[in-house]
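Here is a set of questions and answers for a reader new to this structure. Look over the sequence and the model, then work through the turns below.

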Amino acid sequence: MTFPKPVKDNFKQVLFLRSFRARICLLTLTVGILTSVMMRHAIMQTYESKAVKQRTETVQNQLLIVARHLISNNYFATYRMQDPGMIASRQAINAELDTISNLYGGRVMIIGKGCKVIKDTYGISEGKTIISEEVIKCFLGENTASYDADNGFIEMTIPITSTGTDGKTATVGVMLASVSDEIIVDMVNQMDHNATVLEIMMIVAIVVISVLLSGVLTKPFGKVTEEIRKVKEELSEEAISVPDYVETVHIIDAFNELLGRMNALNATRAEFVANVSHELRTPMTSLKVLADSLLAQPDVPAELYREFMTDMVSEIDRENRIISDLLALVKMDKTEQNLSIETVSINELAEQTIKRLRPIALEKNVALDFESKRAVKAEVDEVKLTLALTNLVENAIKYNKDHGWVKVFLDADHQYFTLTVSDSGLGISETDLPHVYERFYRADKSHSRQIGGTGLGLAITKGAIMMHHGTITVTSELGKGSTFTVKIPLKHVVPKNHAENASQEEKH
Ligand code: ADP
């Protein structure tokens with residue numbers, strides 16, 4: 001198995017935002033800065049439009065007062081009259097208009113019927129006719145006001161209305177005024193300056209907050225790494241805990257599960273090594289005892305030599321059996337890539353296996369039968385499946401009584417095929433049943449060893465079936481017999497990661 005290289009917290013990783021902290025930092029920075037820029041923009045807009053509105057209202061109010069004076073002084077009817085009284089009242093109103101235009105840095109025009117300019121505080125348009133949308137609208141009774149920010153003035157119209165003797169109000173003239181926005185621009189600029197200072201301060205604060213916040217938020221993940229490293233360095237077997245976030249709890253839970261499995265595997269491995277040593281030593285001890293006793297006697301008769309030598313050969317055979325079973329088991333432990341899957345006739349495979357085992361069954365006076373419900377073809381590793389079936393049938397013969405029977409039954413549906421091996425043998429007790437697949441486990445120790453069992457057969461069988469993604473189950477009754485049922489998919493499914501590995505290897 002190949003492991004990816006550990007990722008280091010280097011600058012490049014941070015730059016490409018592979019760092020969680022960098023992402024949080026960037027996110028808070030973006031949100032913070034965007035918000036402050038938008039807020040500033042909105043505030044400035046509101047401020048400006050409010051200032052324009054206020055200024056427009058002030059000027060309009062002033063001009064309305066003048067409009068009333070115009071009407072009360074009969075300005076429109078008398079503006080051509082040259083008697084001193086009229087001139088004086090006109091001059092008073094003109095002075096009022098000049099004051100307003102000077103005060104607001106603008107120009108006021110009084111427009112009479114026929115859109116004729118009667119008075120212009122700039123004195124350039126008097127007597128001319130002015131035709132503009134605003135003026136016409138105003139004659140129709142609508143006040144208008146517009147802000148021309150590019151040219152720096154606010155333009156507005158104010159109707160001059162008079163109420164006739166019949167009580168009806170009529171627009172007799174229009175005041176067209178344009179005032180400078182200088183004050184507004186000054187105020188907006190001042191406000192803008194203040195807002196810029198405030199915005200810079202806010203951005204600095206946001207940068208500091210996002211750096212600190214990202215650090216605080218990602219701290220538990222650093223703790224997780226630290227805790228896992230501690231386990232690695234101290235080879236600790238104790239579960240760890242980082243309860244800060246639900247996410248870290250999940251990671252740590254998964255890690256603790258893995259740790260538990262590793263510990264269990266370690267324990268199993270240690271136990272397995274102890275068992276292997278013990279099993280391998282037993283025949284060696286017998287061999288040594290036999291050889292020592294031969295050596296201890298000076299004149300050993302030839303028959304005794306022969307007898308001892310026969311015992312020694314059977315011990316060597318036993319040692320060989322254990323070693324070859326162990327090798328078979330190690331092969332089963334390897335990954336699935338070692339499987340050589342082919343479409344095989346399971347009927348033929350079972351028949352061949354039974355044919356090979358029939359002499360042993362005959363020797364033990366056990367009737368061995370095979371029955372198949374249908375012809376079954378499946379994608380399997382022939383050698384490994386034969387090994388599994390051989391072990392099951394061999395056990396059924398080995399742990400049988402005289403004149404007993406063993407039946408092998410094959411059936412299939414559209415997805416799986418099932419091989420059942422039943423016997424009329426000794427059976428397995430309820431307490432032994434859950435352990436029969438364990439390595440070196442023997443239900444009936446003395447009997448098993450006596451008949452040459454290594455305690456590895458069912459472990460090998462189970463390993464072979466697991467490699468085919470199948471299942472093995474057993475039902476048994478002590479003294480009556482056992483039934484082992486093997487269920488294997490007809491089509492072999494290659495797990496995704498194995499398939500990927502295989503294709504990568506092919507590419508190389
Ligand atoms: P062994 O090499 O001892 O047969 P196995 O792993 O094949 O080891 O079997 C484990 C134990 O399960 C055996 O020792 C035996 O006691 C019991 N066992 C297995 N198959 C049968 C069976 N068909 N009938 C009775 N007991 C069985």
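**Strands, helices and salt bridges**

Q: Which residue in strand 2 is the bridge partner of isoleucine 111?
A: The model is a predicted one. Isoleucine 111 has its bridge partner in strand 2, and that partner is valine 117.

Q: Over how many bridges do strand 1 and strand 2 pair?
A: Strand 1 covers residues 107-112 and pairs with strand 2 in the antiparallel sense. Among the paired residues, isoleucine 110 has lysine 119 as its bridge partner in strand 2. The number of bridges between strand 1 and strand 2 is four.

Q: Which residue takes a positive phi in the hairpin of strand 1 and strand 2?
A: Three residues lie between the strands of this hairpin. A positive phi near 70° is found there, and the residue that takes it is glycine 114.

Q: What is the order of the strands in the open sheet of five strands?
A: The pairing in this sheet is antiparallel. Strand 2 (116-120) and strand 3 (144-148) each have a single partner strand, so they stand at the edges, with one side of each left without a neighbour in the sheet. On average, neighbouring strands are turned by 20° against each other, direction ignored. The order is 2-1-5-4-3.

Q: How many of the six residues of strand 1 are buried?
A: In a regular strand the side chains alternate between the two faces of the sheet. On one side of strand 1, Arg107, Met109 and Ile111 are buried, and on the other Val108, Ile110 and Gly112 are buried as well. Strand 1 is therefore largely enclosed by the rest of the structure, and the count of its buried residues is six.

Q: What angle does the direction of helix 2 make with that of strand 4?
A: Helix 2 (residues 20-72) packs on the sheet. The strands touched by helix 2 are strand 1, strand 3, strand 4 (153-163) and strand 5 (169-180). With the direction of strand 4, helix 2 makes an angle of about 30°.

Q: Is the crossing of helix 2 and helix 6 left-handed or right-handed?
A: Helix 6 spans residues 182-234 and packs against helix 2 at an angle of about 160°, with the axes 8 Å apart. Because angles over 145 degrees count as roughly antiparallel, helix 2 is roughly antiparallel to helix 6. The handedness of their crossing is right-handed.

Q: What distance separates the C-alpha atoms of asparagine 143 and alanine 396?
A: Asparagine 143 is found in the loop between helix 5 (133-139) and strand 3. Leaving aside residues up to four places away in sequence, asparagine 143 touches Gln60, Thr157, Ile158 and Pro159. Alanine 396 is 253 residues apart from asparagine 143 along the chain, and their C-alpha atoms are separated by 110 Å.

Q: Is asparagine 143 exposed, partly exposed or buried?
A: A residue is buried under 20% relative accessible area and exposed over 50%. Asparagine 143 has a relative accessible area of 43%, so the class is partly exposed.

Q: How many salt bridges does the structure hold?
A: Some of the salt bridges form a network, which links Arg40, Asp192 and Glu199. Another joins the side chains of glutamate 477 and lysine 480, at 3.6 Å from N to O. The structure holds 13.

Q: Which residue meets arginine 374 in a salt bridge?
A: The N to O distance in this salt bridge is 3.0 Å. Arginine 374 lies in the loop between strand 7 (367-372) and strand 8 (377-380), while its partner lies 37 residues apart in strand 9 (residues 405-412). That partner is aspartate 411.

Q: How many residues apart in sequence are the parts tied together by glutamate 379 and lysine 491?
A: The closest N and O atoms of this salt bridge are 3.5 Å apart. Glutamate 379 lies in strand 8, and lysine 491 in the loop between strand 12 (481-489) and helix 13 (496-507). Glutamate 379 is partly exposed at 22%, whereas lysine 491 is exposed at 58% relative accessibility. The parts that the pair ties together are apart in sequence by 112 residues.

Key:
Residues are numbered from 1 along each chain as its sequence is written. This is a predicted model: local features need pLDDT of at least 70, side-chain atom pairs count only at pLDDT 80 or more; totals for chains, interfaces and linings use all residues. Side-chain values use heavy atoms; hydrogens and water are left out. A salt bridge is a side-chain nitrogen of Lys or Arg within 4 Å of a carboxyl oxygen of Asp or Glu. Helices (H or I, at least four residues) and strands (E, at least two) are DSSP runs, numbered from the N terminus. Buried means under 20% relative accessible area, exposed over 50%, partly exposed in between (1.4 Å probe, protein chains only). Two strands pair if DSSP finds at least two bridges between them. Axes are lines fitted to C-alpha atoms, for helices over the stretch in contact, and angles run from 0 to 180 degrees between N-to-C directions. Contact means heavy atoms within 4.5 Å. Angles under 35 degrees count as roughly parallel, over 145 as roughly antiparallel, 65 to 115 as roughly perpendicular and the rest as oblique. A crossing is left-handed if the near helix is turned anticlockwise from the far one by less than a right angle, and right-handed if clockwise.
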